[in-house]
Amino acid sequence: MMPVDVSVVIPCYNHARYLREAIESVDAGGRRIEIIVVDDGSQDASGEIAASMAGVIAIRQSNQGLAAARNAGLRHARGRYVVFLDADDRLLPGAIECGARGLDEHPECVMTYGRCVMMGPDGEPWPTPNEPRADGGHHAVLLRRNVIWMPGTVMFRREALVAVGGFAHGFDAAADYDLYLRVTRRWRVHDHGVAVAAYRRHTANMSGNASRMLRETLAVMRRHVPSDAVLREAWDEGCQTWREFYGTQLVEEIRGHVGRREHAAALRKTLTLARFCPSRVPRELMRKTCAVASAFRRLTPAARFRLRKSAPRVSAP
């Protein structure tokens with residue numbers, strides 16, 4: 001059996017619409033590759049599509065979640081290097097060669113990563129901010145925020161993945177972030193800075209669920225509390241960044257639920273906000289109060305009088 005340079009693991013759950021495109025995006029270049037699709041109990045045609053495509057190793061399991069699906073692919077992988085590509089994303093031409101060359105040229109590193117471009121549900125390109133390269137201190141960089149926007153931009157040495165036990169279970173929405181932190185805490189990594197993948201944004205993205213992302217990202221941060229003072233400063237900054245980032249998204253979701261009179265959903269998310277971002281609740285209440293006061297000041301004197309007359313009267317006890 002010929003040795004394999006790169007294993008591309010594609011976990012899939014009900015992404016039949018995108019799976020073929022993801023598989024076809026894998027450009028071997030001059031490398032010997034294998035493509036492993038793990039169908040995580042899909043209820044659509046994902047399994048059939050994977051099984052029908054030439055050269056694809058198709059694995060099916062009962063639904064166990066994203067981390068379990070990625071780990072199943074890792075157990076079957078034979079490549080020296082491994083890439084995890086989500087089934088709704090795709091690799092860009094030259095991605096495999098770029099990642100493999102990065103690890104070939106940096107034998108001291110166990111992971112190399114680059115950049116992605118954003119795309120919409122139908123694959124149309126979206127504007128993508130530029131992320132500067134990091135030449136070192138990657139663990140501190142990642143504690144402050146996750147500069148690796150999607151797993152498909154990363155290539156690992158397989159033995160390092162095995163050594164850290166693959167992806168941890170219990171927080172699928174942030175399991176990749178947890179893995180990057182565990183890897184960079186132990187070893188050196190390389191940022192090649194090249195765009196190697198396309199990240200598809202659509203309504204079914206796990207990252208679109210602010211409540212879940214907030215809970216699980218902070219759960220990951222609690223696993224990585226550093227003892228070093230400098231790293232602790234980065235960790236503190238990161239926790240605040242995540243609370244602000246997902247807290248802002250959560251506030252917008254709550255407003256949408258209130259506007260649609262979905263009061264139960266609004267209450268659940270408000271409780272999540274109060275638990276994980278307690279400072280946001282009084283801040284939002286103050287903003288609401290200020291907005292009402294500002295609107296009242298813009299009323300004409302006659303309109304203010306009518307509003308006061310229409311207000312319900314409260315009797316003194």
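**Figure 1. Lining of the largest cavity.** In this predicted model, the residues that line the largest cavity are Val83, Leu91, Ala95, Ile96, Gly99, Thr112, Gly152, Thr153, Val154, Met155, His192 and Val196. A cavity is a set of points, on a 1 Å grid over the protein atoms alone, where a 1.4 Å probe fits but cannot get out, and a lining residue has an atom within 4 Å of a point. Two or more lining residues come from each of α4 (95-105), β7 (154-157) and β8 (188-200). Helices (H or I, at least four residues) and strands (E, at least two) are DSSP runs, numbered from the N terminus. The largest share, 3 residues, belongs to α4. The volume of the largest cavity is about 70 Å³, and a search of the whole structure finds 1 cavity of 30 Å³ or more. A volume here is the space filled by probe spheres set on grid points, which are joined across faces, edges and corners. The lining has 7 nonpolar, 5 polar and no charged residues. In this count Ala, Val, Leu, Ile, Met, Phe, Trp, Tyr, Cys and Pro are nonpolar, Asp, Glu, Lys and Arg are charged, and the others, Gly among them, are polar.

**Figure 2. Strand β6 and its partners.** Buried means under 20% relative accessible area, exposed over 50%, and partly exposed in between, with a 1.4 Å probe and protein chains only. β6 pairs with β8 in the parallel sense over 8 bridges; two strands pair if DSSP finds at least two bridges between them. Val117 has Ala198 in β8 as its bridge partner. β6 and β7 run antiparallel and are joined by 3 bridges. Opposite Tyr113 stands Val154 in β7.

**Figure 3. Ile148 in the largest nonpolar core.** The largest nonpolar core has 56 residues, and those with the most contacts inside it are Phe84, Met111, Tyr113, Ile148 and Phe156. Such a core is a set of buried Ala, Val, Leu, Ile, Met, Phe, Trp, Tyr and Cys residues joined through side-chain atoms within 4.5 Å. Helix α9 (residues 229-259) gives the largest share of this core, 8 residues. Leaving out residues up to four places away in sequence, Ile148 touches Met111, Tyr113, Leu142, Thr153, Val154 and Tyr180. A contact means heavy atoms within 4.5 Å. A second, separate core has 32 residues, including Ala22, Ala100, Met155 and Val196.

**Figure 4. Glu233 on helix α9.** Glu233 lies in helix α9. Glu233 counts as exposed because its relative accessibility is 52%.

**Figure 5. The largest pocket.** The largest pocket has a volume of about 1200 Å³. A pocket is an open set of points with protein on both sides within 12 Å along at least five of seven lines. Its lining has 43 residues, of which Ala173, Tyr199, Met206, Ser207 and Met213 lie nearest the centre. By class, 21 of the lining residues are nonpolar, 11 polar and 11 charged. α9 gives the most to this lining, with 5 residues.

**Notes on all views.** Residues are numbered from 1 along each chain as its sequence is written, and side-chain values use heavy atoms, with hydrogens and water left out. Local features need pLDDT of at least 70 and side-chain atom pairs count only at pLDDT 80 or more, while totals for chains, interfaces and linings use all residues.
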